[in-house]
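Reader: I'm new to this one. Could you help me learn to read its helices?

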Amino acid sequence: DLPSAAWLESSANRLDFAGWGVAYYEVQSNDPVCPDYACNVESFCSELLGGAEAVTTDDAVKNLAKIRAGQRDSWAPWLVVDYNASSVYKPIPFVEMRFAWWTLWNYQVCTEFGWLFSCAKGSDCPFTQDLGNFEDQQAMCKGLFGVMPAGNKAAIAATNRYFGGKQMEATRVFSVNGQADPWSEMAITESLGDQMPAHVALGASHHAWTYPPKPTDQESLKATRKLIRKVVFNWLCEGPCTDCVRTNMTWIDISRRKLLFASSRKACADCCVF
């Protein structure tokens with residue numbers, strides 16, 4: 001659906017078309033049972049390979065074009081490119097940022113986290129390489145918020161100093177990540193002691209366990225939810241037993257499990273059972 005081959009001679013146009021994905025490869029929010037066309041990792045790869053174990057480059061390009069068209073015409077209308085639009089970032093007044101969550105996230109990226117993702121040439125990155133690199137993505141920070149590369153790097157360093165990075169020191173912080181979540185590379189995935197446990201949910205995507213339970217949930221999600229409840233309630237039960245005594249009978253509904261805290265004095269092992 002390109003206007004012409006000449007259109008791709010512009011580096012800005014190549015970035016618009018392929019720098020952010022020719023088709024939508026849903027890794028972050030991968031849903032193993034989604035019903036739409038090429039909507040998860042398994043169905044996308046199946047379509048890309050055309051049912052074979054390997055394909056030629058020409059066949060892969062044809063299959064990719066088919067995926068793009070199928071996604072665009074069904075559930076991913078954002079794949080329709082406005083070839084007359086300007087790719088230049090324009091400053092956004094701070095007062096207007098509250099109307100767009102994505103703009104708020106980009107503001108945090110530029111002024112705190114610096115989570116700009118790239119696909120370096122010669123790397124194992126499966127996307128279009130050498131497009132959407134750090135300089136390309138940092139242009140968003142400069143154009144929207146006036147944050148220059150040096151300011152972006154300084155913000156990243158300040159954020160890591162404040163929170164501690166991957167070696168943060170804290171108590172009662174449980175780090176949970178999904179094995180299939182690309183963001184897990186930036187997270188704490190190994191326990192840093194009893195007060196800083198970590199857990200990786202096998203095959204799970206980005207915070208998949210925070211969604212309401214479904215009959216089709218992976219077993220790893222069910223186990224992760226159970227583990228979170230166990231860790232949190234063990235922490236709630238730490239300290240004197242009077243901590244878990246309530247003056248009145250109180251029901252607390254957590255993930256459809258009702259917990260009864262008795263008004264009489266009981267051992268924590270009794271009143272914090274879940």
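This is a predicted model: local features need pLDDT of at least 70, side-chain atom pairs count only at pLDDT 80 or more; totals for chains, interfaces and linings use all residues.

Reader: How are α5 and α6 oriented to each other: roughly parallel or roughly perpendicular?

Author: To judge a helix pair, compare the directions of the two axes. Angles of 65 to 115 degrees count as roughly perpendicular. Here α5 and helix α6 (residues 149-163) pack at about 90°, their axes 10 Å apart, and therefore they are roughly perpendicular to each other.

Reader: Which residues make the contact?

Author: From α5 come Phe-134, Gln-138 and Cys-141, and from α6 come Pro-149, Asn-152 and Lys-153. By type, the residues of this contact are three nonpolar, two polar and one charged.

Reader: Which residues of α3 are buried?

Author: A general idea comes first: an α-helix has 3.6 residues a turn, so residues three or four places apart point the same way. In α3, Asn-63, Ile-67, Arg-68 and Gln-71 are buried. Seen down the helix axis, the buried residues of α3 fall within an arc of 145°, so they line one face.

Reader: What do these buried residues pack against?

Author: They pack against α1 (11-19) and α2 (41-49). The face of α3 turned away from the buried side carries exposed Asp-58, Val-61, Lys-62 and Asp-73.

Methods. Residues are numbered from 1 along each chain as its sequence is written. Side-chain values use heavy atoms; hydrogens and water are left out. Buried means under 20% relative accessible area, exposed over 50%, partly exposed in between (1.4 Å probe, protein chains only). Helices (H or I, at least four residues) and strands (E, at least two) are DSSP runs, numbered from the N terminus. The arc is that of the directions from the helix axis to the C-beta atoms. Contact means heavy atoms within 4.5 Å. Axes are lines fitted to C-alpha atoms, for helices over the stretch in contact, and angles run from 0 to 180 degrees between N-to-C directions. Angles under 35 degrees count as roughly parallel, over 145 as roughly antiparallel, 65 to 115 as roughly perpendicular and the rest as oblique. Ala, Val, Leu, Ile, Met, Phe, Trp, Tyr, Cys and Pro count as nonpolar, Asp, Glu, Lys and Arg as charged, and the others, Gly among them, as polar.
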